[in-house]
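This report describes selected features of one protein model. It covers salt bridges, a helix pair and backbone geometry.

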Amino acid sequence: MSDFKLHDLDSAPEEAKPLLKKSLSDFGMIPNLHAVMAEAPDTLAGYQTLHELVLNSSLNKDEKTVVWQSINVENHCHYCVPAHSGIARSMKVSEDIDNALRDQTPLPDDKLEALRDFTLSVLRKQGNVSDQDLKAFYAAGYGHRQVLEVILTVSQKVMSNYINHIAGTPVDEPFKAFEWKAS
């Protein structure tokens, strides 16, 4: 049983309060992941920064979802899979894409499948991808920029997935409809 506190604007360390206000402004709530991270304000600040950088990357909404959910599913994150299903819906990503990612079934698009394959190669091989992995990724239409953006997103998701595993972060109410368990 985890004893990590879910901080709010009253209980959070002073340095975390402006960060939680940003979360509230951005999401209309303080996600439980952010409430846990508030214990270490620099961790929350780092996560928020990485999230903004991923949002501003060259990846489109479907591609961001593919990278996020591929990592979440691979890491068996009980919190991030449902959260990113909710986020995907709000971003108007096809349910077919999200369901294929959650169920680990083929994606409806070869380019997105190549992105999932490359993301999983980066994650599973801890960045030691082969020339063949890179060639397949480039052949699908991606370039060096997207290689680096996949690594950026892996960095973001490692933070959230690992914190959720350790803290046992409860799934937020808006995402409970998308709860998920690893098969």
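## Salt bridges within helices

Glutamate 149 and arginine 145 are joined by a salt bridge, with their closest N and O atoms 2.9 Å apart; the term denotes a side-chain nitrogen of Lys or Arg within 4 Å of a carboxyl oxygen of Asp or Glu. These two residues lie about one helical turn from each other because they are 4 residues apart in helix H9. Helices here are DSSP runs (H or I, at least four residues), numbered from the N terminus. Glutamate 149 has 8% relative accessibility and therefore counts as buried, where buried means under 20% relative accessible area, exposed over 50%, and partly exposed in between (1.4 Å probe, protein chains only).

The model is predicted: local features need pLDDT of at least 70 and side-chain atom pairs count only at pLDDT 80 or more, whereas totals for chains, interfaces and linings use all residues. Residues are numbered from 1 along each chain as its sequence is written, and side-chain values use heavy atoms, with hydrogens and water left out.

A salt bridge also connects the side chains of lysine 22 and aspartate 26, at 2.6 Å from N to O. Lysine 22 and aspartate 26 are 4 residues apart in helix H1 (residues 17-27), so about one helical turn separates them. Lysine 22 is partly exposed at 31% relative accessibility, and aspartate 26 is partly exposed with a relative accessible area of 42%. A network of salt bridges links Lys22, Asp26 and Glu52.

## A salt bridge between helices

Side chains of opposite charge can pair when their charged atoms come close. In the salt bridge of glutamate 74 with arginine 124, the closest N and O atoms are 2.8 Å apart. This pair links distant parts of the chain, with glutamate 74 in helix H4 and arginine 124 in helix H7 (residues 110-124), 50 residues apart. Glutamate 74 is partly exposed at 25% relative accessibility, whereas arginine 124 is exposed, with a relative accessible area of 52%. The count of salt bridges comes to 11.

## Packing of H4 against H9

The axes of helix H4 (residues 61-74) and helix H9 (residues 144-167) come within 10 Å and cross at roughly 45°. Axes are lines fitted to C-alpha atoms, for helices over the stretch in contact, and angles run from 0 to 180 degrees between N-to-C directions. H4 and H9 are therefore oblique to each other; angles under 35 degrees count as roughly parallel, over 145 as roughly antiparallel, 65 to 115 as roughly perpendicular and the rest as oblique.

Val67, Trp68, Ile71 and Asn72 of H4 are in contact with Val150, Thr153, Val154, Gln156, Lys157 and Asn161 of H9, contact meaning heavy atoms within 4.5 Å. The residues of this contact comprise 5 nonpolar, 4 polar and 1 charged; Ala, Val, Leu, Ile, Met, Phe, Trp, Tyr, Cys and Pro count as nonpolar, Asp, Glu, Lys and Arg as charged, and the others, Gly among them, as polar.

## Positive phi values in loops

Most residues other than glycine have a negative phi. Histidine 76, which is not a glycine, has a positive phi of about 55°. Histidine 76 is in the loop between H4 and helix H5 (80-90) and is partly exposed at 44% relative accessibility.

Lysine 92 also has a positive phi, near 65°. The loop between H5 and helix H6 (95-103) holds lysine 92, which counts as exposed at 65% relative accessibility.
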